[in-house]
Amino acid sequence: MKDESIQLNKVIIRKLEMKMKHPFKTSYGSTQTKQFLLIEAIDQDGRSGWGESVAMDLPWYTEETVKTTEYLLEDVLIPLLLKSPIDHPDQVSERFAFIRRNNMAKASVEGAIWDLYAKRQDVSLARALGGKKSTIDVGISLGLPESMPQLFEQIESYLREGYKRFKFKIKPGQDVAFLRAIREVFPDLPMMADANSAYTLKDSEHLKQLDDLDLMMIEQPLGHEDILDHAELQKQLQTPICLDESIHSLDDVRHAIRLGSCQIINIKIGRVGGLTMAKRIHDLCAKHGIEVWCGGMLEAGVGRAHNIALTTLSQFTLPGDTAGSSRYWFEDIIQPEVTVKKGTIEVPTAPGIGYAINHDAVKRYLIDEKVYTM
Ligand SMILES: O=C(O)CCC(=O)C1=CC=C[C@@H](O)[C@@H]1C(=O)O
Ligand SMILES: [Mg+2]
C-alpha cells in the first residue's frame, strides 16, 4: 500500500453555504455568509481525502471567486487528475503548472490529494509534510469593529482564551489613532495591523507613526501585487512589513527577499496554489531568516485542519490566524471541532487531516453536489 500510487476513482464537489456567527469587516466590505467548495477525492480503495476552497464570492482579495474555482475544477483540474495515477502529491502542482494562476482552485483539490496520500501512508498530514510540532500557537484576526467599547470587550474575551497575537484591520481614517487607542488600554498586547493594500507610498510619513506603537508587524500596507514599493517603505519603517496579497509564488518570495520588501511572510495555502508550494516557500524563507505564519481565509474545518498541519513546520515561528472553530461557526463540518486552549491548538495525530467529517453538518449546509468519475 505504502508505495502504491493513487488512482482517483471519483471526485465529489459539494457546494456549502455557512453563516458566520459575526460579520467579518475589512476595508473592502463585509462577509457573513460564506459559500465554499468541499472537495472529496476518492481513490481505488474507496478511501477519501478532503480539501476546501477559500476563494470568496467576489474577487476582492484575489482575482478568484467561488464560481471561477468551480469552473476550473470542473473543466480543467479534475480531468487532469482523473486521467492517470499520482505517485506523490507534489506531482499535482506539476500537472497543474501550465495553467496560469487560479491558485485557490488548484490548492483546493491538491489539499484533498495530500490528505489522501497521508491517509494511505497511515500518518498525519502534519507528519507527511515534515512538521514536528505537537501543538501550534494561534492568534486571532479581528475585523473592523462596530465601536471601541465592543472591540475592547472582544480583546478581553480572546485574551482570556489565551490568543497569542491580535490582528486588527486598518484603513485610511481608522489607523494610527485607532491602534493607539488600543495600545493605551492594552500596553502589553501582542498586536499587529493588516491594511489589505489600503495605502500608497504617499502615505509613508503617516505610516511612520506606527513605529511608536510596538506592533509585531504591519501586513500588506501597499498594492496587492507590489513588491517594489514595499521595499521602499520597509527602508523607512522600523515596524516589520509582512506580505500577504503580494505573495503567490516562489518567485514573488525570491524577489521580496532580494529587494528587502518584508521581514515576515504570511503563507496562505490557497493564495500560493497548495501545500507543496506553501512548503517550498516555507523552506526558502527558513534559508533566508524570514519568519512566516499561516494566514486564514475564514475557513471551515477542513481548510482549518490543513492550516494546522502546515503550521507544524519549523519556520512557522509566529502565531497564525488559525483560531478555533467556535470563533466563526455555530457548528463546524469536522469532528471534533478545532479548539484553542491557552492560545494553542493540539495537532491531531490520526492519519491525514486528523479530524473526521461531520456528515450531518455537511448535509445541512449543502446547496449543490457534483460527482466526477473516470
Ligand atoms: O481566517 C481568519 O481568521 C483570518 C481572516 C483574515 O484576516 C482575512 C481573511 C480573508 C481576507 C482578508 O480579509 C484577511 C487577510 O487579509 O488576511
Ligand atoms: Mg492579510
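Helices (H or I, at least four residues) and strands (E, at least two) were taken as DSSP runs, numbered from the N terminus, and two strands were regarded as paired if DSSP found at least two bridges between them. The structure is a predicted model, in which local features need pLDDT of at least 70 and side-chain atom pairs count only at pLDDT 80 or more, whereas totals for chains, interfaces and linings use all residues. Residues are numbered from 1 along each chain as its sequence is written, while chains are lettered from A and ligands numbered from 1 in the order in which they are written.

Strands E1 (residues 8-26) and E2 (residues 29-43) run antiparallel and are joined by 14 bridges. With 2 residues between them, E1 and E2 form a hairpin, and Arg-14 stands opposite Leu-38 in E2. An antiparallel pairing over 5 bridges also links E2 to strand E3 (residues 48-52), where Ile-39 stands opposite Gly-51 in E3. The hairpin of E2 and E3 has 4 residues between the strands, and Gly-46 in its turn has a positive phi of about 85°.

The domain assignment, whose bounds come from an automatic or database source, gives domain 1 (8-123 + 357-373) and domain 2 (127-356). Their centres, taken over C-alpha atoms, are separated by 22 Å. Contact (C-beta atoms, placed from the backbone, within 7 Å) involves 41 residues of domain 1 and 37 residues of domain 2. Elements giving two or more residues to the side of domain 1 that touches domain 2 include E1, E2, E3 and helix H3 (103-121); H3 gives the most, with 12 residues.

Methods:
Contact = placed C-beta atoms within 7 Å.
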